[in-house]
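Please look over the sequence and the model shown below. A short report follows.

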Amino acid sequence: MNVVQEKNEQRSRNGVSIDEKQSRNQTRRVAHPSDRLGDNLARVSGDTDTPEDTLQVLAAAYVDFALSEEKLWFAAFNHRLPDGADLPEWHQAEYLGLVQYLAKPLAQLLPDLAPDACTLRALTLFASVHGVVQMSLNGQFAGAPREALPTEIKSLVAAISRGLG
């Protein structure tokens, strides 16, 4: 643990560490249903005819959020807790709320999948899309150019959807 991390852990107000406060702030701005990404996902998720279309509009909304709110996206998804610190349960719950937008159409595509397995599959789908977005925004070799990112994510989700149906 470095000196900054140690000081952040030592400094706390009302028993909440600086890292936890930062995580709460970022998560609320991104994941809370009344906020940017959560609001966009809630709005678009019901406007489709098929589960495949729902996955597409959710992925497109995620990419749009990442491209239009890049600083907020990086703040939310690049914050690292100190070594040995567990992700707080409230933090997991906030993000699982977002992942449930994916679990609903996945449950339609995979009706025999148990609910826990469906949530795991939704997390895997999220990680796939998120990984491409992250590599792209970081300018990494395997990432897509910014202007191609929406099309590449659409192709990725289409390929995954075909494999599920």
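Are H5 and H7 parallel or oblique to each other? The axes of helix H5 (residues 70–78) and helix H7 (residues 115–137) come within 12 Å and cross at roughly 120°, and H5 and H7 are therefore oblique to each other. Angles under 35 degrees count as roughly parallel, over 145 as roughly antiparallel, 65 to 115 as roughly perpendicular, and the rest as oblique. The axes are lines fitted to C-alpha atoms, for helices over the stretch in contact, and the angles run from 0 to 180 degrees between N-to-C directions.

This is a predicted model, in which local features need pLDDT of at least 70 and side-chain atom pairs count only at pLDDT 80 or more, while totals for chains, interfaces and linings use all residues. Residues are numbered from 1 along each chain as its sequence is written, and side-chain values use heavy atoms, with hydrogens and water left out.

**Overall make-up**

The protein has eight helices and two strands. Helices (H or I, at least four residues) and strands (E, at least two) are DSSP runs, numbered from the N terminus. From the N terminus on, the order of the elements is α-β-β-α-α-α-α-α-α-α. Of the 165 residues in the protein, 37% are buried. Buried means under 20% relative accessible area, exposed means over 50%, and partly exposed lies in between (1.4 Å probe, protein chains only). Contact means heavy atoms within 4.5 Å. Among contacts between residues at least 6 apart in sequence, 63% join residues at least 24 apart.

**Helix pairs**

Two packed helices are described by the angle between their axes and the distance between the axes.

| Helix pair | Angle | Axis distance |
|---|---|---|
| H5 and H7 | roughly 120° | within 12 Å |
| H4 and H8 | about 150° | 10 Å |
| H6 and H7 | roughly 110° | within 8 Å |

The crossing of H5 and H7 is left-handed. A crossing is left-handed if the near helix is turned anticlockwise from the far one by less than a right angle, and right-handed if clockwise. On the H5 side, Glu70, Trp73, Phe74, Phe77 and Asn78 meet Phe126, His130, Val133, Gln134 and Leu137 of H7. By class, this contact of H5 with H7 has six nonpolar, three polar and one charged residues. Here Ala, Val, Leu, Ile, Met, Phe, Trp, Tyr, Cys and Pro count as nonpolar, Asp, Glu, Lys and Arg as charged, and the others, Gly among them, as polar.

H4 and H8 are packed at an angle of about 150°, and are therefore roughly antiparallel to each other. H4 passes H8 in a right-handed crossing. H4 contributes Glu52, Leu55, Gln56, Ala59, Val63 and Leu67 to the contact, and H8 contributes Leu149, Pro150, Ile153, Lys154, Val157, Ala158 and Ser161. These residues of H4 and H8 comprise nine nonpolar, two polar and two charged.

H6 and H7 cross at roughly 110° and are therefore roughly perpendicular to each other. Among the residues in this contact are Leu96 and Val99 of H6 and Cys118 and Thr119 of H7. The contact of H6 with H7 divides into eleven nonpolar, two polar and one charged residues.

**The nonpolar core**

In soluble globular proteins, nonpolar side chains tend to be buried together. A nonpolar core is a set of buried Ala, Val, Leu, Ile, Met, Phe, Trp, Tyr and Cys residues joined through side-chain atoms within 4.5 Å. The largest one here has 36 residues, and those with the most contacts inside it are Trp73, Val133 and Ile153. The elements that give two or more residues to this core are helix H3 (36–45), H4, H5, helix H6 (89–109), H7 and helix H8 (149–164).

Val133 lies in helix H7 and is buried, with a relative accessible area of 0%. Setting aside residues up to four places away in sequence, Val133 touches Tyr62, Val63, Ala66, Trp73, Leu149 and Ile153. With neighbours within four places likewise left aside, the contacts of Trp73 include Tyr62, Phe65 and His130.

Gln56 is found in helix H4 (residues 51–68) and counts as buried at 18% relative accessibility. Gln134, in helix H7, also counts as buried, at 18% relative accessibility. Asp39 is in helix H3 and counts as partly exposed, at 37% relative accessibility. The C-alpha atoms of Asp39 and Leu98 are separated by 9.9 Å, although these residues are 59 residues apart along the chain.
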